[in-house]
Amino acid sequence: MSRSVVIVGGGIAGQAVCEQVRERDREATITLVCGEVSPPYDRVRLSEILVSGEDPKTLELRPAEWFADQRVDVRCGRWVTAVDTAAREATLDDDTALAYDALVLATGSQPLMPPIPGIDLPGVHPFRTPADCAAIHAAAANGTQHAAVIGGGLLGLEAARGIAAQGTTVTVVHLVDRLMERQVDAGAAALLVPALAELGIDVLLERSTECIMGPDRARGLRFAGGDELAADLVVVSVGIRPETTLAREIGVACERGIVVDDAMGTDHDGIYAVGECAQHRGRIYGLVAPIFEQARVAAEAIAGEDALYPGSVLTAKLKVAGIDLVTAGEAGGEREAIVADPDAGVYRKLAVSGGRAVGAVLLGDTRGAEALVAAVRSGEPVDDPLQALADASALGPADLPDTAQICDCNGVCKSDLVAAVADEGCATPREVMARTRAGTGCGSCKPAVIEIVAAATGGLNEEPAYLCPCRKQTREQLAETIRADGHESVSDVAAACGTGRECGTCKPALAYLVSEVRANQHREERDARYINDRVHANIQRDGTFSVVPRMYGGVTTPDELRRIADVADRYEVPMVKVTGGQRLDLLGVRKQDLPAIWAELGMPSGHAYAKAVRTVKTCVGTDFCRFGLGDAIGLGTEMEKAWEGLHTPAKVKSGVSGCPRNCAEATVKDIGCVAVEGGWQVRLGGAAGGNVREADVLCTVETRAEALRVTTTFLQYYRENADYKERTYDFVPRVGLETVREVVLGEESGAALRQRLKIAKAATSDPWLERDDPYHPSQFSDLDEPGEQEPELALVGPPPEGAR
């Protein structure tokens, strides 16, 4: 008879328990109750979206299909309101009753908000959830004069960096005499302050905040002693409070947290606690690495196996660009070896007690971090701390013991990486990371993963161009399956082949492939697309969007310019800029204003947000220029009109120059045409970005019509054969110019390519018309508004209403 496991809490801890239980028991009935409306997400990476303003959906730990495949019943937006411990039944807020054999409390914690006057004022935010990040990011990027972060711990510093990245002046206010006092000693903390100053972050130490000044909203901080700091944005990050409400209501023993034994069990039979809500041997762990250790032990106990959690050695990495800081264990010991270079911002320390490594601090120079962290975790014997510190610098990840934990975000040890190579046939770092999930969290362990895989495989192998690394499926294999089996959507392919069901990162690539193979006669599932493609605008660092209307060949009219100016004034667009592609870009547009702006512009989308045909830049050509040999504007306009609306593996920027003076820079475009004596020179695969590449000459043709035909043929060849995100300047050398010539210039092959492009083009439409017929009702609403969240990935059931 299968056991029933109910997990309360949809954070990292709940997800980790879910995975560990399923790994040990394929038949167990697992229900995951998530209080938030979204499935489990990676809270460790919150600081990333605070910096970038990226879509919070990128934080999701698993796609919806994974839960379906693993037969996990996920209840999002639901709360456990009562537990009958005698009957072993949990009741949800919708009166659903869930029977359980094991109940795991993974309720996490709440941000600790100090009880000071003004803590509830507008402009005061905790730093805990994606909604908090969105609010802080928006405030920092839109008019905040000065921000204050109360709390100089790990999260407080990451929050400060996210605010500073928006160009806002920020001050960290800390109660004690050094930053990150739980992880670093005074020597490292002293060097951390100037390192932060270089990033635009000021620090005030030994400041006790007495109140947040108002009265209508946050205006500043007043400290004990009367000093004040002006601040119209206040972020509070002073610690956590374990969420024990449910546990206390059902009579489970609690102190600061839910008291657990060495098997993560509470004083109630069949009830366990894991994560930030759990108190083990008097200690509460607020970092992610112990969660995986606790989840494994809880799953072992539920499965009836011997389970022992002895506690965790805490490690931390500061995720602030420009500062390298790794800590492990205690900040001090009986004997200490310190190597410091204050001028270079370097501080290296190994602490030893009882003859064993108990702590390490590495700032500015983190060589040997993996070895030192492993030594601290295992309590490795150390005779000479200074020599051990020096020796660690020469040790790489491949030299670590198998038990060394490499990825703290996902609890992956070196032995797991080696086993992926030896036992599961993984041959490259990408395959190993897809299999073990190492390196898919904050990403800081990727270099270590690569080195370990290289050692395990006897040298790095060339990475196969997998579209889905988890299933080792290439673009060619999946394209053939779509053609042969007639799959019409991402969910069809996912159901048939498993593509995207493990981690979901390949879904945008698969969405493009389905649309391309089906010549746009597919069922659109917008949840598989990036945020830009879901709202047809380019998201900016502050969470606003840019709007670039199409101007064929870079030519506009006074009427279009008046409309653009009127829209910019009416919607208070912060900036209107001429782009490098000869277009006008309206920057800083609010998401909810997009449909109205599109309507008032009355111009089609320029697709400046998408992997698609973007601009065709032109020079004046023969219309006015006395040097013009060919009608650049005419050809450029024809190209743009023939291709607009077509999505491509990566963005395609083109150019047409009316003479070899090349004013439209056609020789460094993806597709370029240059008028020469007697015709047009057609070029492919140019680049003018980080690496400049002169475009290859495909051919020279006599007429404008021939130039249009050849470039159109190549565009379709590229659409059908390039890997996702592969620009033409990588595609052409990979395939070979002669191969491209043979196919594109071949009479039969070229005609077939043009016919397929014609079919695909006929099925396109202006995406900005969704202003009148949105894909779903909340497509352009603020995601932070209650009840207005994007729908979850709809790939385990029918497509959302209105899907095409």
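Helices (H or I, at least four residues) and strands (E, at least two) are DSSP runs, numbered from the N terminus. This report describes a predicted model, in which local features need pLDDT of at least 70 and side-chain atom pairs count only at pLDDT 80 or more, while totals for chains, interfaces and linings use all residues. Residues are numbered from 1 along each chain as its sequence is written, and side-chain values use heavy atoms, with hydrogens and water left out.

**Overall form**

The protein has 24 helices and 40 strands. Its radius of gyration, taken over C-alpha atoms, is 29 Å, close to the 28 Å that the globule rule (2.2 Å times the number of residues to the power 0.38) gives for 804 residues, so the protein is as compact as a globular protein of that length. The C-alpha trace spans about 85 × 65 × 60 Å along the principal axes. Of the 804 residues, 54% are buried; buried means under 20% relative accessible area, exposed over 50%, and partly exposed in between, with a 1.4 Å probe and protein chains only. Contact means heavy atoms within 4.5 Å. Among contacts between residues at least 6 apart in sequence, 63% join residues at least 24 apart.

**Nonpolar cores**

A nonpolar core is a set of buried Ala, Val, Leu, Ile, Met, Phe, Trp, Tyr and Cys residues joined through side-chain atoms within 4.5 Å. The largest one holds 92 residues, of which Ile-7 and Leu-105 touch the most other members. Helix α8 (residues 289-302) supplies the largest share of this core, eight residues. A second, separate core of 40 residues includes Leu-154, Leu-157, Val-320 and Val-361. Not counting residues up to four places away in sequence, Leu-105 touches several residues, among them Val-8, Leu-246, Ile-258 and Cys-277.

Among the buried residues of α9 are Ala-369, Leu-372 and Val-376. The buried residues of α9 pack against β21 (315-317), β22 (325-329), β24 (346-353), β25 (356-363) and α10 (385-393). After α9 comes Gly-379, with a positive phi near 60°.

Helix α5 (residues 154-164) contains Glu-158. This residue has a relative accessible area of 2% and is buried. Leaving aside neighbours within four places in sequence, Glu-158 is in contact with Ser-47, Leu-50, Lys-317, Leu-318, Lys-319 and Val-320.

**Backbone features in loops**

Most residues other than glycine have a negative phi, and most peptide bonds are trans. The peptide bond from Gly-214 to Pro-215 is cis, with omega near 10°, and Pro-215 is placed in the loop between β13 (209-213) and β14 (220-223). Two lysines have a positive phi, as the table shows.

| Residue | Phi | Loop between |
|---|---|---|
| Lys-472 | about 55° | β28 (466-468) and β29 (473-474) |

Lys-472 counts as partly exposed, at 27% relative accessibility.
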